[in-house]
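Me: Please bring up the model, and then let us go through it together.

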Amino acid sequence: MEPSQVAIIGSGLIGRSWAMVFAAGGLKVKLYDIAQEQLTSALENIRKQMKELKESGFLKGALSVEQQLALISVCTDLKAAVEGATFIQECTPENLELKKKIFGQLDLIVGDNVILSSSTSCLLPSKLFTGLKHVKQCIVSHPVNPPYFVPLVEIVPHPETDPSTTERTYALMKKIGQSPVKLNREIEGFVLNRLQYAVISEAWRLVGEGVISPTDLDLVMSDGLGMRYAFIGPLETMHLNAEGISNYCERYREGMKLVLNTFGPVPEFSGEIEQKINQAMSEKIPSVPKVLDARRKWRDDCLTGLAKLKKEMKSD
Ligand code: NAI
């Protein structure tokens with residue numbers, strides 16, 4: 001069954017973003033939080049963001065700001081929040097015990113056709129959902145910040161999740177314009193963070209070993225690898241950088257193995273190297289809230305522009 005109403009549990013950074021993404025997709029959204037003032041501020045923030053998006057031409061969906069806002073309502077009663085919803089997206093703080101408590105409460109009040117989905121960045125479905133009566137309906141839908149412009153959603157099942165839950169979640173994410181990927185089984189870090197940590201780890205070692213400065217290291221990604229990775233992944237890169245994958249392996253397999261065998265152990269992410277990287281980053285961007293916020297705003301503006309470009313280039 002196609003969901004027409006979703007409930008969002010937790011109205012912080014990610015809960016607000018999900019609300020906007022679902023409303024842009026034309027779905028009714030009930031936003032739940034423990035504190036009324038949190039919901040009031042979420043609604044104000046959503047209205048402000050939508051207006052700015054409209055002005056800059058980036059509002060998603062076919063509906064106007066007012067029509068999208070009219071789809072979003074708020075509620076501090078969990079039972080009322082989930083009533084009528086066929087999809088529930090949990091967005092509470094990254095705390096296993098808290099999330100288990102919330103899913104335990106939801107388990108007692110939902111029916112057999114509702115999907116219980118968590119935004120968790122790193123808690124495994126087996127930790128979150130094991131023992132729930134409705135475990136077949138449970139799944140992780142991990143977004144990337146900011147979800148409005150970075151559309152990827154990692155869909156991660158519990159070992160007992162019913163395949164129809166995965167399929168329905170996938171279809172819903174597609175319908176609202178996100179870019180879902182399915183993991184066939186849970187794994188620490190899911191996929192995005194495993195790739196991210198592989199890059200961070202080698203970056204840390206290269207700087208630590210004095211091969212390159214921290215700022216030049218970042219340039220290798222932002223003006224090098226990142227340029228193409230905004231459009232094609234590492235596997236397609238291999239395919240295109242030779243006459244197909246097999247030809248790439250034939251040409252580069254020994255070279256890749258030679259380099260990979262020189263990779264060092266997992267860094268400690270502390271001590272002298274941490275200080276060195278911190279100093280370099282702080283010289284470029286002082287760690288004070290105002291400066292960090294301005295830089296985040298600039299980053300999000302860049303992502304907005306990139307999302308527009310990707311749409312124009314029809315990069316998928
Ligand atoms: P946040 O701290 O901004 O928001 C959490 C919200 O949950 C707050 O509004 C808080 O009032 C509410 N809350 C606390 N206890 C609650 C309860 N018992 N019932 C209902 N609401 C409750 O956190 P944020 O950043 O939005 O993260 C939410 C989830 O999304 C976390 O699991 C996080 O790992 C995940 N996530 C976060 C990303 C990010 O970049 N911030 C990216 C991807 C996923």
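Me: Where does Ser-11 lie?
Reply: Ser-11 sits in the loop between strand S1 (5-9) and helix H1 (13-24). Helices (H or I, at least four residues) and strands (E, at least two) are DSSP runs, numbered from the N terminus. The model is predicted: local features need pLDDT of at least 70, side-chain atom pairs count only at pLDDT 80 or more, and totals for chains, interfaces and linings use all residues. Residues are numbered from 1 along each chain as its sequence is written, and side-chain values use heavy atoms, with hydrogens and water left out.

Me: Is Ser-11 buried or exposed?
Reply: Ser-11 is buried, because its relative accessible area is 0%; buried means under 20%, exposed over 50% and partly exposed in between (1.4 Å probe, protein chains only).

Me: With which side chain does the side chain of Ser-11 make a polar contact?
Reply: The partner is the side chain of Asp-33, at 2.7 Å. A polar contact is a pair of N or O atoms within 3.5 Å; within protein, one must be able to donate a hydrogen and the other to accept it, and residues adjacent in sequence count only if both atoms are side-chain atoms.

Me: Turning to the ligand, how many residues surround it?
Reply: 23 residues surround the ligand (a heavy atom within 4 Å), and Asp-33 is among the closest.

Me: How far is Glu-94 from an oxygen atom of the ligand?
Reply: An N or O atom in the Glu-94 side chain is 2.5 Å from a ligand oxygen atom.

Me: Which helix gives the most to the shell?
Reply: H5 does, with three residues.
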